[in-house]
Amino acid sequence: MKRRAFIARNPAFNRLLSSVELVNHALIGTRGLAQTYTMSEISPVFPIESLPTPADAKYRDLVASHFGNYRLIVDGAVEQPAALSLAQLHSMRQISEITRHDCVDGWSAIAKWSGVRLADVLALARPRRDARYVVFYCMDTDERGTPYYESLDCHQANHPQVLLALRMNGVPIPNDYGAPVRLRVPTQLGYKSAKWIERAEVVGSFAHLYGGDGGYWEDQGYQWYAGI
Ligand SMILES: Nc1nc2c(c(=O)[nH]1)N[C@H]1C(S)=C(S)[C@@H](COP(=O)(O)O)O[C@H]1N2
Ligand SMILES: [Mo]
């Protein structure tokens with residue numbers, strides 16, 4: 001993690017990344033679909049490579065209730081704020097996709113993810129005209145107490161492969177992989193696929209949040225647009 005932050009601060013590396021990403025964005029944008037795979041291509045082992053699974057009283061209570069107390073808050077610049085239970089999320093149209101997760105550190109893993117399209121959840125909440133981004137707040141924090149968060153612009157958030165995943169490889173997402181709800185963004189690098197999501201806030205800008213760069217890793221020098 002330390003080495004990652006160091007590379008990210010290297011100006012030459014950043015310029016290279018920026019130019020590659022600009023070209024990527026221009027050629028592929030987020031309209032393109034990420035490659036999908038077959039069941040036989042699912043990785044036998046999917047690394048756990050995030051901050052530690054939350055272990056505080058709030059998360060322990062959620063686990064003890066089998067996430068019966070869980071609510072996904074959808075609020076901010078929306079006409080219809082919502083607090084969705086897992087049962088409500090499961091009652092919506094479910095999408096499954098077998099996609100590859102690419103970590104910026106160089107490893108990849110393929111899994112089957114199932115859940116609701118973020119677009120469908122946003123449609124329920126009806127973003128207002130000033131909506132530009134969706135910010136995802138997670139339940140984990142680093143050793144300094146800084147929370148993990150991420151963001152997508154509304155265009156990326158409505159991409160058909162972007163899921164609020166509820167299941168991984170056919171079972172409810174295990175706690176260590178982001179239970180009960182994890183973002184899956186197969187068109188972008190792994191740090192966009194935020195685990196342990198508790199709130200999606202629709203905003204006009206994220207400049208006032210945390211480090212101001214729109215995500216935990218972005219605040220440490222990584223690119224906000226992480227297209228692959
Ligand atoms: N909440 C949260 N989400 C996160 C992270 C994290 O530390 N916290 N790490 C990101 C990074 S960099 C990667 S590669 C993947 C790792 O997911 P995995 O542990 O399920 O492999 O989660 C992403 N989402
Ligand atoms: Mo990562």
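Trainee: Which side chain has an N or O atom 2.6 Å from an oxygen atom of ligand 1?

Mentor: The side chain of Lys195. A polar contact is a pair of N or O atoms within 3.5 Å, so the 2.6 Å between Lys195 and the ligand oxygen falls inside that limit. Keep in mind that this is a predicted model.

Trainee: How much of ligand 1 does the protein cover?

Mentor: On its own, ligand 1 has 530 Å² of accessible area, and the protein covers 99% of that. As for its place, ligand 1 sits in the largest cavity.

Trainee: What other polar side-chain atoms lie beside ligand 1?

Mentor: Asp140 places one 2.7 Å from a nitrogen atom of ligand 1. Arg182 has one 2.8 Å from an oxygen atom of the ligand.

Trainee: Which residues around ligand 1 come nearest?

Mentor: There are 22 residues around the ligand, and Pro47, Glu49, Asp140, Arg182 and Lys195 come nearest. Sorted by class, the shell has 13 nonpolar, four polar and five charged residues.

Trainee: How many salt bridges does a search of the whole structure find?

Mentor: Nine. One of them joins the side chains of Glu150 and Lys192, at 3.0 Å from N to O. Another links Arg128 with Asp130, where the closest N and O atoms are 3.3 Å apart.

Notes: Residues numbered from 1 in each chain as written. Chains lettered and ligands numbered in written order. Predicted model: local features only at pLDDT ≥ 70, side-chain atom pairs only at ≥ 80, totals over all residues. Heavy atoms only, no water. Near = heavy atom within 4 Å. Polar contact = N/O pair within 3.5 Å; in protein donor to acceptor, adjacent residues only side chain to side chain. Areas by Shrake-Rupley, 256 points an atom, 1.4 Å probe, with all protein chains shown as cover. 1 Å grid on protein atoms, 1.4 Å probe; cavity = no way out; pocket = protein on both sides within 12 Å on 5 of 7 lines; lining within 4 Å. Sits in = over half its atoms within 2 Å of the grid points. Nonpolar A, V, L, I, M, F, W, Y, C, P; charged D, E, K, R; others polar. Salt bridge = Lys/Arg side-chain N within 4 Å of Asp/Glu carboxyl O.
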